[in-house]
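Here's a quick walk through one protein model and its ligand. Take a look at it first, then read on.

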Amino acid sequence: MLRIGIMGAGFIGAQHAAAYAQIKDAHLVAIADLNIEAGKKLAKENNCTFYEKAEDMLSKEKLDIVDVCLPTFLHEKYVLLAFKHNVHVLCEKPFTLTYESAEKMVEAAEKAGKTLMVGQVIRFWPEYVRAKEFVDAGELGTIKMVTMSRLAQHPNWSTWHRDPKKSGGGLFDLHIHDVDYMCHLFGDVDQVYAIGEKDRNGCWNHVLSTITFKNGQRAAVEGAFEMTENYPFTMTMRLVGHDASYEYNFIAGFNLENVGGAVRSAVLFKNGAEPEVQKIDETDAYLLELRYFVEQIAKGEPVTQALPRHSLYVMKVMLAIQESLETKQVVKI
Ligand SMILES: NC(=O)c1ccc[n+]([C@@H]2O[C@H](COP(=O)([O-])OP(=O)(O)OC[C@H]3O[C@@H](n4cnc5c(N)ncnc54)[C@H](O)[C@@H]3O)[C@@H](O)[C@H]2O)c1
């Protein structure tokens with residue numbers, strides 16, 4: 001049994017706690033949150049110890065894994081602190097907001113000889129996993145074009161998301177999911193060109209990025225962090241190949257709290273065949289992500305997915321997209 005402590009009992013901390021309850025090798029022993037009411041409530045629901053200060057949780061508990069679900073601007077501080085306590089770390093995305101900060105965290109993990117995985121959950125999301133299987137197997141033939149989108153209403157449960165220095169705005173908080181996944185699918189990026197809208201706080205909350213990969217693939221990716229009221233959380237992906245196309249559509253409730261009730265469909269359109277509706281195991285992707293992390297550590301086997309070195313590279317791409325948004329120029333990586 002691995003002893004786990006969660007830092008941050010907010011939106012994602014609660015999802016992670018629910019996932020650990022379903023993982024055989026996981027024992028959630030403590031939750032820390034400066035918000036005493038939220039932290040105590042989640043700790044009570046999960047029958048574990050509450051700490052107001054994350055520092056106290058680290059020094060008083062004997063933990064194997066720390067799961068950092070804090071606001072993004074606090075990731076570096078608490079990931080570095082966790083490694084001083086000799087634990088493995090799962091850090092929510094976005095990993096951090098600058099390249100230098102990401103480098104420090106990667107180096108701290110390597111120095112501690114501990115595992116650091118970044119919560120890039122789309123890499124574990126069943127329909128996106130299926131797309132990668134199709135691409136890797138050459139099922140679609142040469143791919144002509146990829147289009148992706150992720151359209152959300154602005155988080156209404158916090159204020160820090162509004163500050164670009166704390167969250168990176170929609171560009172880093174939301175758009176990163178698809179940019180990370182595109183790099184997972186196609187590897188290194190050659191160049192980016194992006195257009196978008198910046199809100200009055202300086203957050204790029206609606207972005208359309210065109211990405212050309214070194215292997216010649218092209219993608220257009222839209223990320224919207226502030227859709228109009230009642231617009232449902234939506235993700236789409238279309239891969240158009242010479243032999244087949246794969247299309248995924250997912251429409252949920254206000255935000256991702258309603259994954260179970262979402263309308264989702266994934267279809268393969270192959271030349272010379274009827275459309276193939278994909279039968280996909282719709283297990284919650286947060287559960288799949290955390291189960292993978294816990295199981296690899298429990299078995300003493302290396303984590304090879306969503307490594308911080310991947311996130312370090314994706315950080316380079318995100319910063320290039322930001323530069324393109326600011327300068328209105330194509331940016332080479
Ligand atoms: N993977 C995903 O799909 C996904 C979804 C949502 C959020 N996230 C990421 O998770 C992170 C948290 O986002 P959220 O929406 O859950 O935020 P949130 O505001 O809902 O929760 C953060 C919690 O951290 C607590 N906190 C703040 N400072 C603290 C400190 N110093 N010590 C202890 N507790 C402290 C707050 O009181 C709050 O309860 C962000 O990096 C976000 O980008 C990822």
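## Two domains

The C-alpha centres of domain 1 and domain 2 sit 26 Å apart. Domain 1 covers 2-119, while domain 2 is made of 122-281 + 315-332; these bounds come from an automatic or database domain assignment. Where the two meet, domain 1 puts in 11 residues and domain 2 puts in 13, with contact meaning that C-beta atoms, placed from the backbone, lie within 7 Å. On the domain 1 side, that's eight nonpolar residues, two polar and one charged. For these classes, Ala, Val, Leu, Ile, Met, Phe, Trp, Tyr, Cys and Pro count as nonpolar, Asp, Glu, Lys and Arg as charged, and the others, Gly among them, as polar.

A word on the ground rules: this is a predicted model, so local features need pLDDT of at least 70 and side-chain atom pairs count only at pLDDT 80 or more, whereas totals for chains, interfaces and linings use all residues. Residue numbers start from 1 along each chain as its sequence is written.

## Around the ligand

What surrounds the ligand? A shell of 27 residues does, and the closest are Gly8, Gly10, Asn35, Glu92 and Ser158; a residue is near if its C-beta atom, placed from the backbone, lies within 6 Å. By class, the shell has 16 nonpolar residues, seven polar and four charged.

Both domains take part: domain 1 and domain 2 each supply at least three residues. Helix 1 (residues 11-20) gives the largest share, three residues. Helices (H or I, at least four residues) and strands (E, at least two) are DSSP runs, numbered from the N terminus.

## A helix pair

Helix 8 (residues 169-186) packs on helix 10 (residues 308-327) at about 120 degrees, with axes 10 Å apart. Axes here are lines fitted to C-alpha atoms, for helices over the stretch in contact, and angles run from 0 to 180 degrees between N-to-C directions. That makes the pair oblique, since angles under 35 degrees count as roughly parallel, over 145 as roughly antiparallel, 65 to 115 as roughly perpendicular and the rest as oblique.

From helix 8, the contact includes Leu171, Phe172 and Asp180; from helix 10, Tyr313, Val314 and Gln322 are among the partners. Its make-up is 10 nonpolar residues, one polar and one charged.

Lysine 93 and proline 94 are joined by a cis peptide bond, with omega about -15 degrees. Proline 94 falls in the loop between strand 5 (88-92) and helix 5 (99-112).

Asparagine 47 isn't a glycine, yet its phi is positive, about 55 degrees. You'll find asparagine 47 in the loop between helix 2 (36-45) and strand 3 (49-51).
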